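Subject: Structure for you to look through

Hello,

Here is the structure I said I would hand over. Please open it beside this email and follow along.

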Amino acid sequence: DIVDDGRANGTGGSGEWGGVVINGRAPINDCTVNPAATPGSATCEKDGEGGSGIFGGDQANDNSGVLRYVRIQHAGFQFSSTNELNGLALQGVGDGTTIDFIQVHNNADDGIEFFGGAVDVRHVVLTGNDDDSFDWTDGWSGDAQFILAVQTTARGDNGFEGDNRSSNPLLTPRSNPQISNATLIGRNNGSSNEGVQVRAGTDGRIVNVVVAGFGSGVEYDPVAPLFDPVLLSFAVGGNASTGDA
């Protein structure tokens, strides 16, 4: 007999399985396989978190196929504080790939994370995820549009968390996403999590975003030239302090 343990109706736990990982050959800036390689080159490759394989290269238009009308739930796993599986990990994925109409629900780490690459995403729903809802690093330069992220009262860190490379913020290819039309709803419990946190050299453009229920709407790295000003256009709910908006 089939026993309903809550997974079918979305009330189950997290960390039940590893999540979805897509590895591509698009450029990244963190060459862990061969540290002497030139970032963004064909030989610049990285070991994926959780032993998820090698990715990276020099093919910005690399095609990893189509992921459309997919719900990923109760996934993710934390091996350590720096080695975690996300609901959907897009690792060096090129812009020939189609990612559209995706939901990540109740994941044990980030909802979706981009590790470099140039892939675009559309129509993304991120609900009840433990860490950041939408995260990027390693030189991601894709577009994202039509995003809804909603935290639960007990789970979730930042709505958006954007980085280039913490050890070398100006490393190229530099993170430079174009993000528009997003709604980010936080836990509304007075915690210090941020609606949008952009730091470590990320560039980009973020427009037409509603942020509510977070400790502050936007936190950014103001130290030039580590922060090349992102265009931010928000209706913000939350507190403001130094370095925040």
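Below is what was found in it, from the whole chain down to single residues.

This is a predicted model, in which local features need pLDDT of at least 70 and side-chain atom pairs count only at pLDDT 80 or more, while totals for chains, interfaces and linings use all residues. Residues are numbered from 1 along each chain as its sequence is written, and side-chain values use heavy atoms, with hydrogens and water left out.

The chain as a whole

The chain has zero helices and 18 strands. Here helices (H or I, at least four residues) and strands (E, at least two) are DSSP runs, numbered from the N terminus. Of the 245 residues in the chain, 51% are buried; buried means under 20% relative accessible area, exposed means over 50%, and partly exposed is in between, with a 1.4 Å probe and protein chains only. The accessible surface is about 10,200 Å², and carbon and sulfur atoms account for 50% of that. Such areas come from the Shrake-Rupley method with a 1.4 Å probe, and for residues only the protein chains shown count as cover. Of the contacts (heavy atoms within 4.5 Å) between residues at least 6 apart in sequence, 67% join residues at least 24 apart.

Strand S15 and its partners

Strand S15 covers residues 194–198, and five of its five residues are buried. Two strands pair if DSSP finds at least two bridges between them. S15 runs parallel to strand S13 (residues 160–162), with three bridges joining them, and Glu-161 stands opposite Gln-197 in S15. S15 also pairs in the parallel sense with strand S17 (residues 216–220), over four bridges; there Val-196 stands opposite Val-218.

The largest pocket

The largest pocket has a volume of about 450 Å³. On a 1 Å grid over the protein atoms alone, a pocket is an open set of points where a 1.4 Å probe fits, with protein on both sides within 12 Å along at least five of seven lines; lining residues have an atom within 4 Å of a point. Grid points are joined across faces, edges and corners, and the volume is the space filled by probe spheres set on the points. The lining has 26 residues, and Glu-49, Glu-113, Phe-115, Thr-137 and Arg-165 lie nearest the centre. Strands S2 (46–47), S9 (112–115) and S11 (134–137) each give two or more residues to this lining, and S11 gives the largest share, three residues.

Single residues

Is Ala-75 buried or exposed? Ala-75 is buried because its relative accessibility is 0%. Ala-75 is found in the loop between strand S4 (66–73) and strand S5 (77–80). Leaving aside neighbours within four places in sequence, its contacts include Trp-17, Gly-18 and Asn-107. Val-20 is 55 residues from Ala-75 in sequence, and the two are 8.4 Å apart in space, C-alpha to C-alpha.

Most residues other than glycine have a negative phi, and most peptide bonds are trans. Tyr-69, in strand S4, has a positive phi near 55 degrees, and Tyr-69 counts as exposed because its relative accessibility is 61%. Phe-101, in strand S8 (residues 98–105), has a positive phi of about 60 degrees and is partly exposed, at 31%. A cis peptide bond, with omega about 0 degrees, joins Thr-172 and Pro-173; Pro-173 lies in the loop between S13 and strand S14 (178–185).

Regards
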